[in-house]
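Here are some notes to read with the structure open beside you.

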Amino acid sequence: TRDEVLATVDGVEDVLGRFDDLARVVGEIDDSVAEVSTATDEQARVAEELSTHVSEVASLADETATETVTVLEPAVFAVTITSVPGEVVGGESLTVGYEVANTGEATDTQNITFAVNGTTEDTRADLTLAGGETATGAFSYDTTTGDAPGIAVAVASETDSATRNVTVLEPAVFDVTITDANSTVTEGETVAVEYAVENTGDVTATQNITFGVNGTTEETRAGLTLAGGETATGTFSYDTATGDAPGIAVAVASDTNTATRNVTVLEPAVFAVSITDANNTVTEGETITVDYEVANTGEATDTQNITFTVDGTTEEMRAGLTLAGGETATGTFTYTTENGSAPNELTIEVASADDAATRMVTVEVDVFDLSASLSNETGTVGGTVGVDLNVTSIKNQNDELGSYVLTISYDSSVLD
């Protein structure tokens with residue numbers, strides 16, 4: 001390995017350094033021998049032995065040590081990204097193919113890392129390659145919508161790296177808006193819901209648009225296709241019915257978004273009619289007076305005509321009575337009976353478009369209070385006597401009198 005080569009070189013340099021040290025020592029010893037040449041015999045003997053050893057060391061220093069050392073090119077793990085998509089939609093997975101080639105001569109072991117925007121996402125640990133050897137592989141990454149508009153992917157060894165930019169598109173999002181809808185309707189009326197759908201993503205997609213009322217799908221616009229940034233509009237409608245009061249929740253939804261709106265539904269107006277007072281009995285020629293009340297028992301405001309009939313014939317009308325929900329109105333109708341219509345029972349009725357109230361009224365014969373006197377006459381039995389009748393007062397003298405039948409009695413016997 002590279003470390004072994006460096007250690008070998010260091011060892012050779014150390015040996016050579018030691019020989020340099022020996023040469024220096026030998027020179028110093030030679031100087032010492034010259035100084036002790038004039039010493040005593042014992043000193044001369046020691047000096048002679050020392051000189052012998054120095055000669056041996058010098059002889060050893062003259063010898064040349066040689067060794068052949070092979071120095072290898074260090075390992076370099078060169079990285080190449082071999083495949084990667086140019087663009088993906090956020091939420092999709094991408095695969096990055098790579099190749100690692102040891103362009104050096106020494107065998108080495110390194111970790112191969114995969115990073116996205118500088119953050120390590122995966123590692124291939126302990127890849128060992130001899131000089132000139134190559135390895136391939138692939139890393140994968142699950143994108144998110146937050147990765148838009150793009151990411152940088154990188155594959156790296158300890159000695160090299162490769163990067164590539166990938167465009168990340170915003171996925172299709174069909175954003176729904178209710179642009180207009182009735183705020184209040186009355187049961188039986190139609191709710192119209194106008195809407196807009198915008199694809200706020202980057203890619204073209206096709207989705208169904210559904211219309212629901214209180215959680216139940218009422219209508220569907222199938223297969224709406226929109227390119228990124230494109231908008232479509234439309235209208236849904238719903239016919240309210242009895243039971244929808246006090247309100248409904250309408251919703252327009254795509255596969256990715258929903259818009260809702262609450263609509264108030266009023267109970268329809270009901271003009272309930274009651275006769276609060278009326279004559280039970282009148283004498284022919286008198287006037288019947290009928291007091292009535294009309295109450296709107298519903299929630300919606302309405303306008304209706306109030307009619308007054310006698311025996312099925314309309315005698316009078318209160319036109320265009322408008323009442324808000326819970327509001328009440330009162331009034332009076334009259335009807336004058338005719339002379340000669342008695343005895344009779346009349347059916348009177350006060351009616352709205354929703355309700356009617358009736359009452360029976362008895363019409364009685366008019367009894368005249370006459371004050372009369374007869375003249376005094378005499379006659380014979382079996383004969384005829386003429387008597388004058390004088391009427392002195394008549395009740396209801398302002399009315400037309402007409403013709404009446406009178407009888408005269410004597411001693412409880414009716415006279416001719």
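Which residue in strand 3 is the bridge partner of Thr 80? Glu 99 in strand 3 is that partner. Please keep in mind throughout that this is a predicted model.

1. Let us begin with the sheet around that bridge. Strand 1 and strand 3, the latter covering residues 93–102, are paired in the antiparallel sense through six bridges. They belong to an open sheet of three strands, ordered 1-3-6, with antiparallel pairing. Strand 1 (77–83) and strand 6 are the edge strands, and each of them pairs on one side only. From one strand to the next, the twist averages 30°.

2. How many bridges join strand 9 and strand 11? Seven bridges do, with the two strands running in the antiparallel sense and strand 11 spanning residues 190–199.

3. Now to the rings: the structure holds six aromatic pairs. In one of them, the ring centres of Phe 114 and Phe 139 lie 5.1 Å apart and the planes meet at 10°, so this pair is stacked. The pair connects distant parts of the chain, with Phe 114 in strand 4 (residues 108–116) and Phe 139 in strand 6 (residues 134–142), 25 residues apart.

4. Are Phe 114 and Phe 139 buried or exposed? Phe 114 has 0% relative accessibility and therefore counts as buried. Phe 139 is at 4%, so this residue counts as buried too, given that the cut-off for buried is under 20% relative accessible area. Ring pairs also bring in Tyr 98, which forms a cluster with Phe 114 and Phe 139.

5. A further stacked pair is made by Phe 308 and Phe 333, at 5.0 Å centre to centre and with 5° between the planes. Phe 308 sits in strand 20 (residues 302–310) and Phe 333 in strand 22 (residues 328–336), and the pair links these distant parts of the chain across 25 residues. Phe 308 is buried, with a relative accessible area of 0%. Phe 333 has a relative accessibility of 1% and likewise counts as buried.

6. The last stop is Val 361, found in strand 24 (residues 356–364). Its relative accessibility is 0%, so Val 361 counts as buried. What does Val 361 touch, once neighbours within four places in sequence are left aside? Its contacts are Asn 279, Asn 280, Thr 281, Val 282 and Ile 288, together with Asn 344, Glu 345, Leu 346 and Ile 348. Ile 288 deserves a separate mention: the C-alpha atoms of Val 361 and Ile 288 are 8.1 Å apart, while the two residues are 73 residues apart along the chain.

Technical notes. Residues are numbered from 1 along each chain as its sequence is written. This is a predicted model: local features need pLDDT of at least 70, side-chain atom pairs count only at pLDDT 80 or more; totals for chains, interfaces and linings use all residues. Side-chain values use heavy atoms; hydrogens and water are left out. Two strands pair if DSSP finds at least two bridges between them. Helices (H or I, at least four residues) and strands (E, at least two) are DSSP runs, numbered from the N terminus. Rings of Phe, Tyr and Trp (its six-membered ring) pair if their centres lie within 6.5 Å; planes under 30 degrees apart count as stacked, over 60 as edge-to-face and the rest as tilted. Buried means under 20% relative accessible area, exposed over 50%, partly exposed in between (1.4 Å probe, protein chains only). Axes are lines fitted to C-alpha atoms, for helices over the stretch in contact, and angles run from 0 to 180 degrees between N-to-C directions. Contact means heavy atoms within 4.5 Å.
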